[in-house]
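Hello,

Here is the structure you were waiting for. My notes follow below it.

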Amino acid sequence: MPKQKTHSGAKKRFKITGSGKVMKQQSGMRHNLEVKSSGRKRRLNAEQVVPEVDAKVIRRMLGK
């Protein structure tokens, strides 16, 4: 039986914590940073837990 390949795009964007939650980087930190407030940039720079509905599909793409 062949092995399932890991989705290359998903492995670059998501990581799974020790407790099994799927984490992602929030959007909005690529450009136009000078117009955003420091607090907003700090908040956007934090990782975010992916909702469980989406996490099921992501785990399957990561082969976990």
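Leaving aside its neighbours within four places in sequence, which residues is Val49 in contact with? They are Lys21, Val22 and Met23. Contact here means heavy atoms within 4.5 Å. Val49 itself lies in strand E3, residues 47-49. Val49 is partly exposed, because its relative accessible area is 44%. The classes are buried under 20% relative accessible area, exposed over 50%, and partly exposed in between, with a 1.4 Å probe and protein chains only. Val49 and Lys11 are 38 residues apart in sequence, and their C-alpha atoms are 15 Å apart in space.

Before you read on, two notes on the source. This is a predicted model, in which local features need pLDDT of at least 70, side-chain atom pairs count only at pLDDT 80 or more, and totals for chains, interfaces and linings use all residues. Residues are numbered from 1 along each chain as its sequence is written, and side-chain values use heavy atoms, with hydrogens and water left out.

**Overall fold**

The protein chain has 3 helices and 3 strands. Their order from the N terminus is α-β-β-α-β-α. The radius of gyration is 15 Å, well over the 11 Å that the globule rule gives for 64 residues, so the chain is more spread out than a compact globule. That radius is taken over C-alpha atoms, and the rule is 2.2 Å times the number of residues to the power 0.38. Helices (H or I, at least four residues) and strands (E, at least two) are DSSP runs, numbered from the N terminus.

The C-alpha trace spans about 55 × 25 × 20 Å along its principal axes. Of the 64 residues, 20% are buried. Take the contacts between residues at least 6 apart in sequence: 49% of them join residues at least 24 apart.

**Core**

The largest nonpolar core has 7 residues: Ala10, Phe14, Val22, Val50, Ala55, Ile58 and Leu62. H3 gives the most to this core, with 3 residues. A nonpolar core is a set of buried Ala, Val, Leu, Ile, Met, Phe, Trp, Tyr and Cys residues joined through side-chain atoms within 4.5 Å.

What does Val50 touch, not counting residues up to four places away in sequence? Phe14, Val22, Met23, Lys24, Ala55 and Ile58.

**Surface and charge**

The chain exposes about 5,500 Å², and carbon and sulfur atoms supply 51% of that. Areas come from the Shrake-Rupley method with a 1.4 Å probe; for residues, only the protein chains shown count as cover.

There are 18 positive and 4 negative charges, and their mean positions are 6 Å apart. Lys and Arg count as positive, Asp and Glu as negative; His and the chain ends are not counted. Each charge is placed at NZ of Lys, CZ of Arg, CG of Asp or CD of Glu.

**Individual residues**

- Arg42 lies in helix H2. Arg42 counts as exposed because its relative accessibility is 60%. Its C-alpha atom is separated by 25 Å from that of Gly20, 22 residues apart along the chain.
- Arg60 is in helix H3. Arg60 is exposed, with a relative accessible area of 53%. Arg60 and Gln4 are 56 residues apart in sequence, yet 9.8 Å apart in space, C-alpha to C-alpha.
- Lys64 sits in the segment after helix H3 (52-62). At 70% relative accessibility, Lys64 is exposed. Beyond its neighbours within four places in sequence, Lys64 is in contact with Ile16 and Arg59. Lys64 and Thr6 are 58 residues apart in sequence and 9.4 Å apart in space, C-alpha to C-alpha.
- Asn32 is in the loop between strand E2 (22-25) and helix H2 (38-45). Phi of Asn32 is near 55°, a positive value in a residue other than glycine. Most residues other than glycine have a negative phi.

Best wishes
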